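Here is a short briefing to read alongside the structure. Take a moment with the view below, and then we can walk through it topic by topic.

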Amino acid sequence: MSDIKIGVVGIGGWGKNHVRVLNELRALEAVCDLNEERVKEFSRKYEVNGYTDLDRFLEHDLDGVIVSTPTKTHYEIALKSIEKGLHVFVEKPFTYNVDEGEKLVRRAKEKNVILTVGFIERFNPAIREAKRLVSNGVIGSPLYLLFARENRWPVHIIDVGVVLDTSIHDIDLSRWFFGEEPMMVFARMGAFGTEHERVSALVLGFSKEKTSLIISNWITPKKVRELEIVGENGTISLDFITQQIKIDLEDRTDIPRTRYEEPLLLELRHFIECINGTREPEVIGEDGVKATKIAHAALASNKLGSAIFIHLEK
Ligand SMILES: NC(=O)c1ccc[n+]([C@@H]2O[C@H](COP(=O)([O-])OP(=O)(O)OC[C@H]3O[C@@H](n4cnc5c(N)ncnc54)[C@H](O)[C@@H]3O)[C@@H](O)[C@H]2O)c1
């Protein structure tokens, strides 16, 4: 597809999908991971250069870098990549804390490079279609969003809990869907004997009484990724996995035909087009910072047992 050269840092459970899709898009140039076995396996499989040393990887001739390592390592790897003048895609949840994210945004601006965040659901055709239907007035004014994202604990994730890892998708989608920042966050969570929370119920309050309810858990065995958009004249339900949409109105139920497309392919193609200069990034570093701020407000709300009022600049 392009002559853009991208390297992937972190080729574990998720990074291997980046590698596969970039290879399909003919943009995969190099891989890097601390795990030597993985580097050998993937550099052989895709016939690209492989590195266990980040500095040597960054010496390679690259246009962009994907950071798909555990959350706590995102900042350091992204910063080094930016300092090299490379365009950077950082997997969600962007950074572990807000200060790190703000520094990355600042340095990316100074170095004039693209900095984007892996909020993959923004590229899910189902929610894009649902947003379009709502803008066309199909269910009237939206009143609230109800997200459910559930499945068993990913045991390899040890540095964050379900809020930063999982609810963060729906925090970002809520901001994007309503086109504004929440002003209130209330949360109730449970760790159930583990270090980090594994169950979370968040309430985000937006202007004009609009609300987003975000339920996430790492306990139930069935994988659920769903959203219900409740409007004054009807409801749109969607499944992020199957990408199916259902519209319930007073007198009928419609199931529009949708065509399945892999969100990661759409997301990475978009990143390549941004590097090419043919598109503007749909997700920017500031989106990562704001979602992180909201997630931390939620963690604080749970600790305090009360709502937290926040003010995020537009
Ligand atoms: N967008 C999505 O839907 C989605 C889905 C899953 C995971 N993720 C994100 O992707 C990232 C990776 O998650 P995962 O599930 O693949 O984790 P993982 O533990 O399976 O893989 C992480 C990989 O990074 C490597 N690594 C660790 N520290 C490193 C370092 N300093 N330098 C180079 N390599 C290093 C590890 O050896 C491992 O191979 C996380 O940020 C996670 O939140 C996003």
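## Briefing

Of the 24 residues around the ligand, the nearest are G10, G12, G13, W14 and E91. Please keep in mind that this is a predicted model.

**Around the ligand**

- Sorted by class, the shell around the ligand holds eight nonpolar, eleven polar and five charged residues.
- Which residues of the shell come nearest to the ligand? They are G10, G12, G13, W14 and E91.

**The six-stranded sheet**

- Six strands make an open sheet with parallel pairing, in the order β3-β2-β1-β4-β5-β6.
- The edges are taken by β3 (49-51) and β6 (115-118), and each has a single partner strand, so one side of each is left without a neighbour in the sheet.
- From one strand to the next, the twist averages 20 degrees.
- Strand β1 (residues 6-9) and strand β2 (residues 28-32) run parallel and are joined by four bridges.

**Two helices side by side**

- How are helix α4 (residues 71-83) and helix α5 (residues 98-111) packed? Their angle is about 10 degrees and their axes are 10 Å apart.
- Angles under 35 degrees count as roughly parallel, and α4 and α5 are therefore roughly parallel to each other.
- On the α4 side, the contact is made by Y75, A78, L79 and I82; on the α5 side, E100, L104, R107, A108 and K111 make the contact.
- By class, the contact of α4 with α5 has six nonpolar residues, three charged residues and no polar ones.

**Backbone details worth a look**

- The peptide bond from K92 to P93 is cis, and its omega is near 10 degrees.
- You will find P93 in the loop between β5 (87-91) and α5.
- Although R26 is not a glycine, R26 has a positive phi of about 60 degrees.
- R26 sits in the loop between α1 (15-24) and β2.
- K208 also has a positive phi, near 50 degrees, in the hairpin of β9 and β10, where five residues lie between the strands.

**The nine-stranded sheet**

- Another open sheet has nine strands and mixed pairing, in the order β14-β13-β12-β11-β7-β10-β9-β8-β15.
- At its edges stand β14 (253-254) and β15 (308-309), each with a single partner strand, so one side of each is left without a neighbour in the sheet.
- Strand β11 (residues 224-231) pairs with strand β12 (residues 234-239) in the antiparallel sense, over six bridges.
- Within that pairing, E228 has S237 as its bridge partner in β12.
- Helix α6 (residues 125-135) packs on the sheet, where it touches β7, β11, β12 and β13 (245-249), and its direction makes about 170 degrees with that of β12.
- Helix α7 (residues 162-178) packs on the sheet too, touching β7, β8 (184-190), β9 and β10, and its direction makes about 160 degrees with that of β10.
- Strand β7 (residues 142-150) runs parallel to strand β10 (residues 211-217), and seven bridges join them; the bridge partner of R149 in β10 is S216.
- Strand β9 (residues 199-205) runs antiparallel to β10, also with seven bridges, and L202 finds its bridge partner in I214 of β10.

- How many residues does each domain bring to the contact? Domain 1 gives 13 residues and domain 2 gives 15 residues.
- On the side of domain 1 that touches domain 2, the elements giving two or more residues are α4 and α8 (263-276).
- Of the elements on that side of domain 1, α8 gives the most, with four residues.
- The residues on the side of domain 1 that touches domain 2 fall into six nonpolar, three polar and four charged.

Notes: Residues numbered from 1 in each chain as written. Predicted model: local features only at pLDDT ≥ 70, side-chain atom pairs only at ≥ 80, totals over all residues. Pairing = 2+ DSSP bridges. Axes fitted to C-alpha atoms, helices over the stretch in contact; angles between N-to-C directions. Parallel < 35°, antiparallel > 145°, perpendicular 65-115°, else oblique. Contact = placed C-beta atoms within 7 Å. Nonpolar A, V, L, I, M, F, W, Y, C, P; charged D, E, K, R; others polar. Near = placed C-beta within 6 Å.
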